[in-house]
Amino acid sequence: MKIPYIPEDAPFNGEQKYWLAGFLAGLHSRLLVLEEKPQAASHAGVTSTNQLNILFGSQTGNAEALAQSAARSARAKGLVPVVQGLGEIDIDLFATMRHVLIITSTYGEGEMPDNAQLFWQALSASTAPRLEHMHFAVLAIGDTSYDGFCQAGKFFDMRLEQLGAKRVSDRIDCDIEYEEPSEQWLQQSMPQFAASAGSSGTVLENLPETPVIPGSNKNNPYAAEIISNKRLSGEQSGKEIRHIEFDLSGSGLTYQAGDALGVIPVNDPQLVELLLTQLKADYDTPVPGFERSLGDLLTWQFEISEPSRKLIEWVGENTTNQELRHVLQHDDRDALGVWLWGKDTLDLLQLELKRTLSISEFVALLRPLQYRAYSISSSPKAHPNHVHLTVAAVRYHSSSRARHGVCSTYLGDRTGRGEKPAIFISPNKAFRLPADNNAPLIMVGPGTGIAPFRAFLEEREALGASGKNWLFFGDQHQEHDFIYQDQLNAWQQSGLLTRLDLAFSRDQAEKIYVQDRMLEQGAELFAWLEEGGCFYVCGDASRMAKDVDQALYEIVSRFGGLSAESTANYIDQLKKQKRYLRDVY
């Protein structure tokens with residue numbers, strides 16, 4: 001079912017068009033719900049009482065994967081799981097649900113994931129309906145190294161209680177190693193949901209498990225051979241951006257344009273040696289409770305570049321460094337961030353300590369080494385059995401010592417052609433090309449943010465898609481930082497790339513960024529949106545994505561002739577229709 005298209009020459013102004021589009025989109029979503037209900041009720045023995053709505057808020061796909069795992073646990077207890085993204089649910093439909101499990105990640109510094117923001121706005125509004133009939137639980141995942149750990153889950157848990165919903169199981173807040181605790185929590189919570197729903201406990205359907213192949217998740221990676229690793233940025237560039245190609249032949253792995261590739265890094269051996277020297281230990285030093293030596297643990301198993309929160313707190317309690325002690329005692333997160341900038345685990349150990357930190361204590365304070373996810377920059381249709389990454393190698397100096405990005409320089413310096421890093425496919429269903437090949441695309445991706453849009457353009461070229469394509473790209477200097485220039489120029493000449501607007505910030509006295517180019521072309525950009533265009537953003541979340549979002553609001557307001565409230569509603573409607581999507585980090 002498609003939302004009816006409103007012709008450009010329809011006798012309405014911009015604001016009237018918006019409200020009509022919103023009405024049609026709302027009707028569309030309600031009809032979809034009606035279409036889905038018979039399917040849910042088609043299972044033998046299913047009633048509305050034993051349905052469990054599993055709703056996820058996910059930025060990168062982890063919460064969505066957990067939702068699918070929760071669905072398997074629910075089936076085993078005789079429940080009928082209905083898995084949906086929070087962005088697919090309107091508040092009226094939510095108010096009819098009886099048993100709800102919310103699984104959500106937290107984005108940035110305590111923010112809702114993109115696909116949960118609109119739902120949260122409705123749920124947190126004063127007009128939200130009472131939910132005394134609802135039974136719920138919340139599973140939150142996050143990262144303790146960030147402020148606002150699991151804050152999105154905490155907000156949902158608190159708000160549902162405020163609205164009268166009854167908690168089936170206490171909320172769990174999972175750190176980055178969430179698989180085991182979340183699975184234990186699900187096993188404990190599902191019987192409680194089943195009891196609340198009056199389920200007999202009989203398994204209603206026994207779906208076969210999908211075979212797990214290497215590379216399908218982070219716990220079962222695939223050793224993929226690198227067949228190309230070359231520098232894209234010029235030698236005079238202030239950045240080192242590399243193009244890396246992996247061979248997937250015979251792996252059985254598949255991906256789609258818009259997905260990410262997880263890479264499991266290996267720590268810098270020089271930093272490992274410096275830490276061993278600081279600890280007065282050898283590489284082969286045994287560690288109680290571990291089968292591997294200390295050197296192996298520091299190389300393969302633990303984060304050593306970014307200090308863990310537990311290590312920071314231990315050092316703060318046991319150092320004579322008054323600056324760190326003062327920052328921690330006053331719980332000043334901003335000041336702590338400034339103090340930590342450029343510092344790694346070795347820097348903290350080199351502070352003057354009141355007592356010696358034993359090897360066992362030290363290892364217990366470390367966080368597990370985490371994978372890094374990179375937006376895939378290739379289409380499988382254009383490069384069968386290959387997957388490409390566009391990676392900026394992080395390098396800087398601090399305190400008279402060279403510092404290196406954990407994974408970016410692992411790929412850049414220590415994984416040449418023929419090497420086989422451990423990788424896995426990380427699906428990102430929230431960042432996909434539109435199903436309609438005629439839909440116009442507007443893509444904003446400066447620097448390595450171009451990665452998924454290279455994949456999108458390769459995909460559309462392979463499909464012969466007729467929709468228009470517009471890319472906003474930029475970096476510091478055109479001479480040194482115009483990555484994929486030849487390919488982009490060729491796409492312009494062929495007509496695949498309808499428009500290419502460039503913003504090289506350091507090539508003139510006044511810095512120019514992609515959002516400035518957007519504002520310059522605001523009238524045409526709004527026209528593309530009115531034609532049904534999809535707006536995509538990829539790149540830095542803290543500044544670029546916020547500036548681009550602000551520019552989009554200004555363009556819609558100015559060229560749509562809309563009030564501030566109607567502008568916000570217009571953009572919310574783009575999000576609901578999955579026409580404003582972001583892959584930001």
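Me: Buried means under 20% relative accessible area. What makes Phe156 count as buried?

Reply: In this predicted model, Phe156 has a relative accessible area of 0%. The cut-off for buried is under 20%, so Phe156 is buried. Trp120 passes as well, because its relative accessible area is 18% and the limit is 20%.

Me: Why is the pair of Trp120 and Phe156 called edge-to-face?

Reply: Two ring values decide it. The centres of the Trp120 and Phe156 rings are 5.4 Å apart, and rings pair if their centres lie within 6.5 Å. The planes of the two rings stand at 80°, and planes over 60 degrees apart count as edge-to-face. The pair is therefore edge-to-face. Trp120 belongs to helix H4 (residues 117-124) and Phe156 to helix H5, so the pair links parts of the chain that are 36 residues apart.

Me: What do ring pairs link Trp120 and Phe156 into?

Reply: Ring pairs link Phe94, Phe119, Trp120, Phe155 and Phe156 into a cluster. The whole structure holds 20 aromatic pairs.

Me: How do you know that Phe453 and Tyr536 form an edge-to-face pair?

Reply: Their ring centres are 6.5 Å apart, and the rule asks for centres within 6.5 Å. The planes of Phe453 and Tyr536 meet at 65°, and the edge-to-face class takes planes over 60 degrees apart. The pair is edge-to-face because of these values. Phe453 sits in helix H15 and Tyr536 in strand S19, 83 residues apart. Both Phe453 and Tyr536 are buried.

Me: What makes the contact of Asp157 with Arg171 a salt bridge?

Reply: Side chains of opposite charge can pair when their charged atoms come close. The rule asks for a side-chain nitrogen of Lys or Arg within 4 Å of a carboxyl oxygen of Asp or Glu. For Asp157 and Arg171 the N to O distance is 3.1 Å, so the pair counts as a salt bridge. Asp157 lies in helix H5 (residues 151-162), and Arg171 in the loop between strand S5 (166-167) and strand S6 (172-174). The pair therefore ties together parts that are 14 residues apart in sequence.

Me: What makes Lys468 and Glu531 a salt bridge, and which parts of the chain does the pair link?

Reply: The side chains of Lys468 and Glu531 meet at 3.0 Å, N to O, and the cut-off is within 4 Å, so a salt bridge is counted. Lys468 is in the loop between helix H15 (451-463) and strand S17 (469-475). Glu531 is in the loop between helix H19 (522-530) and strand S19 (534-539), 63 residues apart from Lys468. Lys468 is partly exposed at 29%, and Glu531 is partly exposed at 28%.

Me: Why are S8 and S12 called edge strands?

Reply: The open sheet of three strands has the order S8-S9-S12, with antiparallel pairing. Strand S8 (225-231) and strand S12 (386-393) each pair on one side only, and the twist averages 20° from one strand to the next.

Me: How do you know that S9 pairs with S12?

Reply: Strands pair if there are at least two bridges between them. Strand S9 (residues 240-247) and S12 have eight bridges in the antiparallel sense, so they count as paired. One of the residues involved is His243, whose bridge partner in S12 is Thr390.

Note on methods. Residues numbered from 1 in each chain as written. Predicted model: local features only at pLDDT ≥ 70, side-chain atom pairs only at ≥ 80, totals over all residues. Heavy atoms only, no water. Helix = DSSP H or I, 4+ residues; strand = E, 2+ residues; numbered from the N terminus. Axes fitted to C-alpha atoms, helices over the stretch in contact; angles between N-to-C directions. Buried < 20%, exposed > 50% of the residue type's maximum accessible area, 1.4 Å probe, protein only. Phe/Tyr/Trp six-rings, centres within 6.5 Å; stacked < 30°, edge-to-face > 60°.
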